[in-house]
Each structure stands twice: as C-alpha cells, then as structure tokens.
Amino acid sequence: MKTAKISLNSIDKVKAFVNEISKFDCDFDLVSGRYVIDAKSIMGIFSLDLSKPIDLNIHADGAALDNVMQLISKYTID
C-alpha cells in the first residue's frame with residue numbers, strides 16, 4: 001500500500017479523478033480525518049471536505065502502482 005496526498009478542489013477534478021482511477025482493478029481509499037471512503041465513489045468524495053488535501057491509499061504494488069502514480073501525478077501535492 002502507498003499513500004499520496006491529493007487535492008480535488010473542483011467538481012471537474014473530482015469527475016476526472018474518478019474516471020481515471022476506475023480503469024484500475026486495485027482498491028483506492030480516500031482518508032479525511034476519521035472518514036475513509038472508496039475513492040471510486042463520486043458521491044463518497046463529495047461527502048468529504050474538499051477544501052483541504054486528502055490522503056489517497058493505493059492498494060497496489062509493482063507495475064500497477066507505477067502506472068497509478070503516473071496517472072494521479074496531476075492531483076498530488078507535496
């Protein structure tokens with residue numbers, strides 16, 4: 001499992017993010033405070049506070065993880 005900090009501060013970003021990660025067979029969780037939701041759920045994402053960065057837990061390894069990290073690079077923050 002790998003964790004990345006991401007920012008989804010607009011509706012368009014949320015839609016694009018869900019469409020892109022839905023292509024992968026692995027699991028993704030978004031963690032905001034004490035809430036953990038499925039990152040492939042648009043309704044779940046909109047239940048979070050999107051004004052702050054969110055932790056994305058990626059349950060993948062190897063080549064799949066590399067592909068995911070490359071794809072989500074436009075959403076990650078340092």
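Mentor: Start with a cut-off: exposed means over 50% relative accessible area, and buried means under 20%. Partly exposed lies in between. Keep in mind that this is a predicted model.

Trainee: Why is lysine 74 called exposed?

Mentor: Its relative accessible area is 52%. The label needs over 50%, so lysine 74 is exposed.

Trainee: What makes glutamate 20 and lysine 74 a salt bridge?

Mentor: Set the distance against the cut-off. A side-chain nitrogen of Lys or Arg must lie within 4 Å of a carboxyl oxygen of Asp or Glu. Here the closest N and O atoms are 3.4 Å apart. Glutamate 20 is in helix α1 and lysine 74 is in the segment after α3, so the pair ties together parts 54 residues apart in sequence.

Trainee: Why can such side chains pair at all?

Mentor: Side chains of opposite charge can pair when their charged atoms come close.

Trainee: How many salt bridges does a search of the whole structure find?

Mentor: It finds 3. One of them joins lysine 5 and aspartate 55, with the closest N and O atoms 2.9 Å apart. Lysine 5 is in strand β1 and aspartate 55 in strand β4, 50 residues apart, so this pair links distant parts of the chain.

Trainee: Why are lysine 5 and aspartate 55 called partly exposed?

Mentor: Lysine 5 has a relative accessible area of 39%. Aspartate 55 has 24% relative accessibility.

Trainee: What about lysine 52 and aspartate 49?

Mentor: Their side chains meet in a salt bridge at 3.5 Å, N to O. The limit is 4 Å, so the pair qualifies. Lysine 52 is exposed at 53%, and aspartate 49 is partly exposed at 36%.

Trainee: On to the strands. How do you know that β1 and β4 pair?

Mentor: Count the bridges. Pairing takes at least two. β1 and strand β4 (residues 54-59) have 5 bridges, in the antiparallel sense. In that pairing, lysine 2 has isoleucine 58 as its bridge partner in β4.

Trainee: And what joins β2 to its partners?

Mentor: β2 is joined to β4 by 5 bridges and to β3 by 4 bridges. Both pairings are antiparallel. Aspartate 27 stands opposite histidine 59 in β4, and valine 31 stands opposite valine 36 in β3.

Trainee: What order do the strands take in the sheet?

Mentor: The order is β1-β4-β2-β3, in an open sheet of 4 strands with antiparallel pairing.

Trainee: What makes β1 and β3 edge strands?

Mentor: Each of them pairs on one side only. Neighbouring strands of the sheet are turned by 25° against each other on average, direction ignored.

Trainee: What lies in the turn between β2 and β3?

Mentor: These strands form a hairpin with 2 residues between them. Glycine 33 is in the turn and has a positive phi of about 65°.

Trainee: Which residues make up the covered face of β2?

Mentor: Phe28, Leu30 and Ser32. The uncovered face has Asp27, Asp29 and Val31.

Trainee: Now the surface. Which residues form the nonpolar patch?

Mentor: Ile11, Ile42, Met43 and Phe46, with about 400 Å² of accessible area together. Helix α2 (residues 42-46) gives the largest share, 3 residues.

Trainee: What does isoleucine 42 touch?

Mentor: Leaving aside neighbours within four places in sequence, Val14, Lys15 and Val18. Isoleucine 42 and valine 14 are 28 residues apart in sequence and 7.2 Å apart, C-alpha to C-alpha.

Trainee: One last label. Why is serine 7 called buried?

Mentor: Its relative accessible area is 15%. The cut-off is under 20%, so serine 7 is buried. Serine 7 sits in the loop between β1 and α1.

Terms used: Residues are numbered from 1 along each chain as its sequence is written. This is a predicted model: local features need pLDDT of at least 70, side-chain atom pairs count only at pLDDT 80 or more; totals for chains, interfaces and linings use all residues. Side-chain values use heavy atoms; hydrogens and water are left out. Patches are made of residues with over 30% relative accessible area and no salt bridge: like charges are joined within 9 Å, nonpolar side chains (Val, Leu, Ile, Met, Phe, Trp, Tyr) within 5 Å. Accessible areas come from the Shrake-Rupley method with a 1.4 Å probe; for residues, only the protein chains shown count as cover. Contact means heavy atoms within 4.5 Å. Buried means under 20% relative accessible area, exposed over 50%, partly exposed in between (1.4 Å probe, protein chains only). Axes are lines fitted to C-alpha atoms, for helices over the stretch in contact, and angles run from 0 to 180 degrees between N-to-C directions.
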